[in-house]
Amino acid sequence: MKMVDLRSDTVTLPTPAMWAAIANAELGDDVFGEDPTVNRLEQMAAERVGKEAAVFVASGTMGNLVSLLTHCGRGDEAIVGDRSHTFMFEQGGMAALGGITPWPIPNQPDGTLRLEDIQGAIRADNPHFPRTALVCLENTHNMCGGLPLTAEYTDKVADLAHSQGLKVHLDGARVFNAAAALGADVQDLVRSVDSVMFCLSKGLCAPVGSVVCGSASFIAEARRGRKVLGGAMRQAGLLAAPGIVALEEMTERVSEDHRRARDLAAGLTEIPGIAVDPFATNILYFRLDDDASITQDEVVAGLAERGVQLMGRLDGRFRAVIHYWISDEDIETAVAAVREVMA
Ligand code: TLP
């Protein structure tokens, strides 16, 4: 049985163009700075988001950690959303490996942090307190409906942070989805942040890797962070080559995924007992009505039996993520499967 895998856009396999790029990649030792394919990817990535420089890293988690280690010293504090990936799903790496204290403040349902909450979390200069060094944002926001943050909102946060001597890091794992959903230029979405990490291996369909972008001096320091984490790879052009295809061919097409997410939402909304959360990109959350006579686990298992995989979140929601390998027919299969399970 063909599985319709809606668990995540991380499950995407390379496209034929990516396989060809892997087979033909020109390679060298990237630790000597001699892998031409990695160098090209880094240059393209920096230009694409409008920053001076970029460094290729193994994963989004590594990219966020390298960025945090670069912005913050031991004992510094980083203001993060309480539903952010960095806070919830990265093993507390900033604290465990960097001695950085996270200060989680509430993510609003749209993924934003209130400016008043950020202001309230910035520490006074007092020897009792850690020093606040950084504010982290996430765009699109994974746990908050996959919703995008606008350039104007990001600018406001950056103005506030910069006025108090703090830096801003953006977890832009899916920032190209944000750009497509808002009809915005990705450069505007990241223009005011000091660093941005984006993933090649999610909606952009590459098999491995993320990129951290920022000023030349920031990236030079981030390379040291990547090295100490064991993330400096050798002939990494094998991995960078499909990343180049991702940047060249895949950033615009994510709006097709968003259209399929709307189709899925339209189908699910018709099914009694299902409520769909607000959404705008390739991530769609839905939930069972409060009086449902079926459990979350039963729904997930029933769908799997019908060839549809998705995630049941701890908070009772279901998450379906649309990606390159999901077709219109797959959306129909998914809607039909949910209808059957709910019946
Ligand atoms: N998110 C994954 C899982 O960790 C849940 C997913 O399936 O959505 N930032 C954001 C916003 C992310 O969603 C993720 C991955 C990461 C960072 C980490 O990226 P990787 O998995 O490459 O380390």
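1. Helix α3 (residues 60-71) gives the largest share of the shell around the ligand, three residues. Helices here are DSSP runs of H or I with at least four residues, strands are E runs of at least two, and both are numbered from the N terminus. Please keep in mind that this is a predicted model: local features need pLDDT of at least 70, side-chain atom pairs count only at pLDDT 80 or more, and totals for chains, interfaces and linings use all residues. Residues are numbered from 1 along each chain as its sequence is written, and side-chain values use heavy atoms, with hydrogens and water left out.

2. In total, 14 residues surround the ligand, counting those with a heavy atom within 4 Å of it. The closest are S8, G60, T61, H85 and D171. By class, the shell holds seven polar, six charged and one nonpolar residue.

3. Now to the polar contacts (pairs of N or O atoms within 3.5 Å). An N or O atom in the T61 side chain is 2.6 Å from a ligand oxygen. For S8, a polar side-chain atom lies 2.7 Å from an oxygen atom of the ligand. The side chain of H85 has an N or O atom 2.8 Å from a ligand oxygen. Taken alone, the ligand exposes 510 Å², and the protein buries 83% of that (Shrake-Rupley areas, 1.4 Å probe).

4. F176 sits in helix α8 (residues 175-182) and F198 in strand β7 (residues 195-199), 22 residues apart, so the pair links distant parts of the chain.

How values were computed: Polar contact = N/O pair within 3.5 Å; in protein donor to acceptor, adjacent residues only side chain to side chain. Nonpolar A, V, L, I, M, F, W, Y, C, P; charged D, E, K, R; others polar.
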